[in-house]
Amino acid sequence: MIEVKGLTKRYGELLAVDNISFSIEKGEIFGFLGPNGAGKTTTIKILTGEIEPTDGEVKVFGFNPVSDRKNLHKVIGVVPEIQNLYERMTAKENLTFFANLYDINHKRVDELLEQFDLREWANEKVKNFSLGMKQRLLLTRGLLPKPDILFLDEPTKGLDPYTARYIRGIIKEVNKNGATIFLTTHYMEEADELSDRVVIIDKGKIIVCDNPENLKRSQDKGIIKITLKDPIEERQFSLSDKQTGNRIKELLQSGRLLSMETEKATLEEVFINLTGKKLT
Ligand SMILES: Nc1ncnc2c1ncn2[C@@H]1O[C@H](COP(=O)(O)OP(=O)(O)OP(=O)(O)O)[C@@H](O)[C@H]1O
Ligand SMILES: [Mg+2]
C-alpha cells in the first residue's frame with residue numbers, strides 16, 4: 001500500500017527526513033513514532049502530497065503523491081496534526097465542503113454524522129466545539145472518502161481518556177473493515193495497543209522497525225517479581241541466576257507466595273532506551 005525508498009527532505013540546512021525506506025502492507029496499522037522534531041509530520045505531509053520530497057521514491061496506493069494528488073485523495077483519508085476545520089462553518093458545512101472538493105456523495109456526510117453521534121451538532125458552528133468534538137469531526141472528515149489508507153497524525157493528542165478511547169475504537173473498527181492505517185502518536189501505550197508494526201524515527205533517521213512484542217522482548221529485563229504475604233513483601237529474582245529456581249521453590253513451599261510475574265519492558269522504555277532523549 002505504501003512504498004518508500006531513500007526518502008529525504010531538507011529545509012535549507014536542516015535535514016528533516018534523512019534517507020528513510022519502509023513499506024506498509026494492506027490491512028496493517030503502522031505506528032510511526034519518534035520524539036518532537038523527528039520528522040513524522042514531514043513524512044506524512046510527503047506521503048499525502050502536501051509537500052514535495054527533496055529526494056527518494058514514494059508510492060502510495062500505486063500513486064505518486066505529487067503528480068497524482070487528486071486521484072490519491074480519492075482513496076486516502078487524512079487527519080492532520082493541526083486541526084484545519086473552518087471554525088465559522090457548521091460541522092455539516094465543513095463535511096459538505098470537503099465532499100464537494102473530492103466529488104463525494106452528500107449521502108455519505110449524513111451517514112457519517114449519524115455514525116459518529118454528531119447528528120445533533122451538525123448545524124452548530126465548529127468554533128463552539130470542544131477540542132474532543134473537533135477531533136471527532138476531523139476524523140469524520142478523514143473518513144468521508146471511505147479511505148483505503150487512513151493517515152492519522154497524533155489523533156488523540158490532548159484528549160480526555162474517554163474521547164481518546166472512543167477514537168482508538170474507531171481506528172480499530174476502520175482497520176477491521178479493511179483500511180490500512182498510518183499512525184503517529186506520542187502515547188506509547190496507544191501505539192502498543194493499536195500497531196501491528198512500529199517504526200521509531202529520530203533526527204530524521206529510522207532507528208528500528210519491528211512489531212511491538214519483539215521490541216519489548218529485545219529489551220526484556222529478565223526479572224521475576226514475586227509478592228509474598230504475612231507480611232506483604234516484594235522480591236525480585238533474575239531469570240539468568242541459576243539459584244532462582246530453588247529460591248522460588250522454597251517460597252512456594254513456605255505457603256507465603258501471593259503472586260508471581262515476569263517484569264517486561266514497556267514500549268515507552270524501549271522508546272526512551274533507543275532514542276535516549278534527555279531534556280535540555
Ligand atoms: N516548513 C518548515 N520549514 C523549516 N523547518 C521545518 C518545517 N517543517 C518542519 N520543520 C523542521 O523539520 C523537523 C521535523 O519536523 P516534523 O514536524 O516533521 O517533526 P515531528 O516528528 O512531527 O515532531 P512533533 O512530534 O513535534 O510533531 C523539525 O526540526 C522542524 O522544526
Ligand atoms: Mg508532528
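Predicted model: local features only at pLDDT ≥ 70, side-chain atom pairs only at ≥ 80, totals over all residues.
Strands of a sheet pair through backbone hydrogen bonds, in either a parallel or an antiparallel sense. Here three strands form an open sheet in the order β2-β1-β4, and their pairing is antiparallel. Its edge strands are β2 (14-24) and β4 (55-60), each of which pairs on one side only. From one strand to the next, the twist averages 25°.

Strand β1 (residues 2-11) is joined to β4 in the antiparallel sense over five bridges. Val-4 stands opposite Val-58 in β4.

## Helix α1 and the ligand shell

Helix α1 (residues 40-47) lies across β1, β2 and β4, and runs at about 120° to β1. The elements giving two or more residues to the shell are β2 and α1.

Among the residues around ligand 1 are Tyr-11, Leu-14, Ala-16, Lys-40, Thr-41, Thr-42 and Glu-81. The shell also includes Gly-34, Asn-36, Gly-37, Ala-38 and Gly-39.

## Helix α5

Helix α5 comprises 13 residues (residues 131-143). At 1.5 Å a residue, the helix should span 18 Å; its end C-alpha atoms are 19 Å apart, which agrees with that expectation.

The buried residues in α5 include Gln-135, Arg-136, Leu-137, Leu-138 and Leu-139, together with Thr-140, Arg-141, Gly-142 and Leu-143. Their cover includes the strands β5 (76-79) and β6 (149-153). The helices α3 (91-101), α4 (106-115) and α6 (161-176) are also among the elements that cover them.

Definitions and conventions
Residues numbered from 1 in each chain as written. Chains lettered and ligands numbered in written order. Helix = DSSP H or I, 4+ residues; strand = E, 2+ residues; numbered from the N terminus. Expected span 1.5 Å × (residues − 1). Buried ≥ 20, exposed ≤ 12 C-beta atoms within 10 Å, placed from the backbone. Contact = placed C-beta atoms within 7 Å. Pairing = 2+ DSSP bridges. Axes fitted to C-alpha atoms, helices over the stretch in contact; angles between N-to-C directions. Near = placed C-beta within 6 Å.
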